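Here is a set of questions and answers on one protein model. Please look at the sequence and the coordinates first.

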Amino acid sequence: MKNHFCVLFIALTFLYVSSQEHPENGSWLNQDSTFQNHLEIKFFTLEDGLSQVSSNDLLLDKLGFVWIATQDGLNRFDGKVFKHFKHNHSDSTSISGNLISKLLEDHKGNIWVGTNGNGLNYYNPNLELFHRTKLENSPDEDETITGLATNQQGYVWVASRFSGLHRIQ
């Protein structure tokens with residue numbers, strides 16, 4: 001038993017001394033600090049173009065856009081510019097509400113957008129239009145969407161606060 005502790009002590013001492021002599025090797029002893037030295041963080045604000053700094057959900061789509069669900073509409077970021085999508089009462093192809101809760105991209109490239117109190121939408125990137133989707137057994141279109149998922153068969157699964165779970169083909 002004494003021999004096992006001795007071997008373990010020698011091995012740990014060797015690893016420690018080795019990491020001190022050759023820090024460029026990125027040993028497990030200094031891995032966290034090495035990673036942090038290469039991490040660049042950019043904070044985006046209203047001045048950068050966000051419609052609202054509170055983010056409820058994020059999505060990176062197949063085209064490379066970052067979609068940001070906010071409390072003041074949907075934002076799409078191309079790496080340089082934010083584009084805003086907001087509800088317009090006089091446009092039936094606009095998003096149904098501005099308090100966005102959930103985002104999902106389906107296998108066709110449509111962006112599904114769940115709102116808090118204004119139902120479900122999907123955005124067709126080819127037509128650049130939103131389509132509102134009424135959920136079966138929902139008391140009205142003003143449903144709160146609490147979850148979105150997709151599976152290998154291409155179904156979109158929707159969790160809602162008032163009418164439960166839905167599967168859309």
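**Aromatic pairs, confidence and voids**

Phe44 counts as partly exposed, at 29% relative accessibility; buried means under 20% relative accessible area, exposed over 50%, and partly exposed in between, with a 1.4 Å probe and protein chains only. This is a predicted model, in which local features need pLDDT of at least 70, side-chain atom pairs count only at pLDDT 80 or more, and totals for chains, interfaces and linings use all residues. Residues are numbered from 1 along each chain as its sequence is written, and side-chain values use heavy atoms, with hydrogens and water left out.

Q: What is the average pLDDT of the protein?
A: pLDDT is the predictor's confidence in each residue, from 0 to 100. A score of at least 70 is reached by 78% of the residues. The average is 83.

Q: How many helices and strands does the protein have?
A: Helices (H or I, at least four residues) and strands (E, at least two) are DSSP runs, numbered from the N terminus. The order from the N terminus is α-α-β-β-β-β-β-β-β-β-β-β-β. That gives 2 helices and 11 strands.

Q: Is the pair of Phe44 and Phe82 stacked or edge-to-face?
A: The structure holds 9 aromatic pairs. Rings of Phe, Tyr and Trp (its six-membered ring) pair if their centres lie within 6.5 Å; planes under 30 degrees apart count as stacked, over 60 as edge-to-face and the rest as tilted. For Phe44 and Phe82 the centres are 5.7 Å apart and the planes stand at 75 degrees, so the pair is edge-to-face.

Q: How many residues apart in sequence are the parts tied together by Phe44 and Phe82?
A: Phe82 is buried, at 11% relative accessible area. Phe44 lies in the loop between α2 (31-37) and β1 (55-60), and Phe82 in strand β4 (residues 82-85), so the parts tied together are apart in sequence by 38 residues.

Q: What is the angle between the ring planes of Trp112 and Tyr122?
A: Trp112 and Tyr122 form a tilted pair, 4.9 Å centre to centre, with the planes at 35 degrees. Trp112 lies in strand β6 (residues 111-115) and Tyr122 in strand β7 (residues 120-124), so the pair ties together parts 10 residues apart in sequence. Trp112 is buried at 6%, while Tyr122 is partly exposed at 24%. The angle between the planes is 35 degrees.

Q: Is Ile95 buried or exposed?
A: Ile95 lies in the loop between β4 and β5 (100-105). Leaving aside neighbours within four places in sequence, its contacts include Leu74, Phe85, Val113 and Phe130. At 0% relative accessibility, Ile95 is buried.

Q: Which residues does Thr146 touch, not counting those up to four places away in sequence?
A: Thr146 sits in strand β9 (residues 145-150) and is partly exposed at 36%. Thr146 and Lys102 are 44 residues apart in sequence, with their C-alpha atoms 6.9 Å apart. The residues touched are Lys102, Ala159, Ser160 and Arg161.

Q: What is the volume of the largest pocket?
A: On a 1 Å grid over the protein atoms alone, a cavity is a set of points where a 1.4 Å probe fits but cannot get out, and a pocket is an open set with protein on both sides within 12 Å along at least five of seven lines; lining residues have an atom within 4 Å of a point. The largest pocket is lined by 14 residues, with Asp61, Leu63, Gly109, Pro125 and Asn126 nearest its centre. Grid points are joined across faces, edges and corners, and a volume is the space filled by probe spheres set on the points. For the largest pocket the volume is about 160 Å³.

Q: What is the volume of the largest cavity?
A: The whole structure holds 1 cavity of 30 Å³ or more. The largest cavity is lined by 13 residues, among them Gly119, Leu120 and Thr133. Its volume is about 80 Å³.

How values were computed: Contact = heavy atoms within 4.5 Å.
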